[in-house]
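Here's a quick briefing to read with the model open in your viewer. Have the sequence handy too.

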Amino acid sequence: MRRNVWAALTGVVAAATVLASAELVAVFLSASASPLFAVGSLAIDLAPPGVKDLMISLFGTGDKAALLTLLGIVVVAGACAAGLLEYYRSPWGIVVLVVFSAIAVVAVTTREGASGFSAIPTVIGMLVGVFVLRALQQRLKRWTTREAGVRKRAEAAAAVIASGVSTPVAAEIAHVDTAAQPVRTGPAAYERRQFLTFMIVAAAASAVVGVGSRLMNATATAVLNARNALVLPAPSTPAPAIPPGAELGITNLSPVITPAADFYRIDTALQVPQLNPDTWSLRIYGMVENEVTISFADLLALPLIEDTVTLTCVSNEVGGDLIGNATWLGYPIRDLLARAKPTAGADMVLSKSSDGFTAGSPLEVLQDANRQSLLAVGMNGAPLPIEHGFPARMVVPGLYGYVSATKWVVEMKVTTFAQDMGYWTPRGWSALGPIKTSSRIDTPRNASGLAAGTIPIAGVAWAQHTGIAKVEVQVDNGDWVEATLADAISADTWRQWMLPWQATAGDHVIAVRATDASGYTQTTDQAPPAPNGSTGLHTIQLTVQ
């Protein structure tokens, strides 16, 4: 009987490690990927209306707590069953653990806004749980086997004593086994300590990690709910209409507007900051006549404007995908700075994220009346995604993100480049980060097996705040041929381009170069991203059959 209790408890501890590990991973991946409440939400979705009505009639506003209690009972019962099955019918206990985890995976991946990546915390939790269950079971079996063996020997010794047999061997057995105190000392006691120590450590670690992670995920969930409930005001100045000819409609060509889910994310935040818009504020201070503090409600009450801007990461390699184009909603930073009234001598704004990241932007760029540098609150018609800076971030056309695109921004210090440096400058990157004119081939990719005939060569080109004037394509080191440009949205966005190519059988090399509105044509000199952006021509190799 006691053995069954211990076996059942191994299942409970293993289930606890599944949940704790999943909660911990969800802290770093996404609060919505936590399985704890996703399973409850799935149960609510699948429950027949009659069951929901019954729960409400029985528990009123406590129906959610009752549901979670019921789920907890089911999980504990299933965990006990897993422990017993693993002890007596291995590996069926592990199968039960995997089945429960699979249900949790279904729950988290079917929630609103979930993706395949949402399954990662639960899968990792399952692997940890399987490891703990196996480790506990191995220790339990060694303990019970040793104890059973010693008890049998003790019983044999007692029988010898009771029989009155007085041979030298019987006397030796009786002496050894009656003096051994098998339950408290010897190999069995050692295995018992090993089992109990592992179980206590695993249970305590699960409690600490699970509770701590759940509290952090609860905060993240609250912020996510606040973000999802937010209704942005209509822009006082809508973004310029996207021309019909801006989209060429070619397969595998990057769309003109990058969906938020596909927009690149590069930042220093190991854990995505969770800022409640009700308590968020932005402080503008430093070399100013008037220190300014603005709340999120204040920001939304201002006349917001929309603008479509392409952002680029300085780490983008030639031909890389660390670039995206979106329509942003926000308030001009120059107008906020006008309130603060920078004093003479200031030439830089050091913006700071809630996680400590800083970026040094030229003051004159942020004050430029012909550049829509925004304190953005919206992206593609919706509130900023949390991983892209909710509730507010900076969007500055023409500058690489490391000197301008501060997410989760909470401070702007008006200062000088001589006095302050952004996060990346002391790490070897240039203090100034104007975006370099560049272009990329999206289709065809480096590949083999293409059929001969007319193939569109297409891609995107960018020179933010300057604009693209021309794109040319070179095949097999031949002449440069001008491609067809899609209509421009503005000088701050990328442009699609396309060139029909009569592909012939064999191996080919294709290169692209762009010329911006100033007349500058991309250099052929290859340079890495550090210290101020990569250069060179994007070139692909492919085989046509």
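In this predicted model, a polar atom of the T493 side chain sits 3.2 Å from the backbone oxygen of S490. T493 itself belongs to the loop that links β16 (484-485) to β17 (495-503).

**Around T493**

- Is T493 buried or exposed? T493 counts as buried because its relative accessibility is 1%, and the cut-off for buried is under 20%.
- Once you set aside neighbours within four places in sequence, T493 is in contact with T308, V309, T310 and N325.

**Cis peptide bonds**

- As background, most peptide bonds are trans.
- Going from F390 to P391, the peptide bond is cis, and its omega is near 10°.
- P391 sits in the loop between β8 (382-383) and β9 (393-395).
- The bond from T443 to P444 is cis as well, with omega near -5°.
- You'll find P444 in the loop between β11 (438-443) and β12 (447-450).

- Most residues other than glycine have a negative phi.
- N252 has a positive phi, near 70°, and is not a glycine.
- Look for N252 in the loop between α8 (186-229) and β1 (281-286).
- N252 is classed as exposed because its relative accessible area is 60%, and exposed means over 50%.
- W408 is another non-glycine residue with a positive phi, in this case near 50°.
- W408 is in the loop between β9 and β10 (409-415).
- With a relative accessible area of 1%, W408 is buried.

**The chain as a whole**

- The protein chain is built with 11 helices and 19 strands.
- Of the 545 residues in the protein chain, 46% are buried.
- Among contacts in the protein chain with a separation of 6 or more, 74% are between residues 24 or more positions apart.

**Surface and charge**

- The protein chain has an accessible surface of about 25,300 Å², and carbon and sulfur atoms account for 60% of that.
- On the charge side, the protein chain carries 36 positive and 40 negative side chains.
- The centres of those two sets of charges are 15 Å apart.

Definitions and conventions
Residues are numbered from 1 along each chain as its sequence is written. This is a predicted model: local features need pLDDT of at least 70, side-chain atom pairs count only at pLDDT 80 or more; totals for chains, interfaces and linings use all residues. Side-chain values use heavy atoms; hydrogens and water are left out. Helices (H or I, at least four residues) and strands (E, at least two) are DSSP runs, numbered from the N terminus. Buried means under 20% relative accessible area, exposed over 50%, partly exposed in between (1.4 Å probe, protein chains only). A polar contact is a pair of N or O atoms within 3.5 Å; within protein, one must be able to donate a hydrogen and the other to accept it, and residues adjacent in sequence count only if both atoms are side-chain atoms. Contact means heavy atoms within 4.5 Å. Accessible areas come from the Shrake-Rupley method with a 1.4 Å probe; for residues, only the protein chains shown count as cover. Lys and Arg count as positive and Asp and Glu as negative; His and the chain ends are not counted. The place of a charge is taken as NZ of Lys, CZ of Arg, CG of Asp or CD of Glu.
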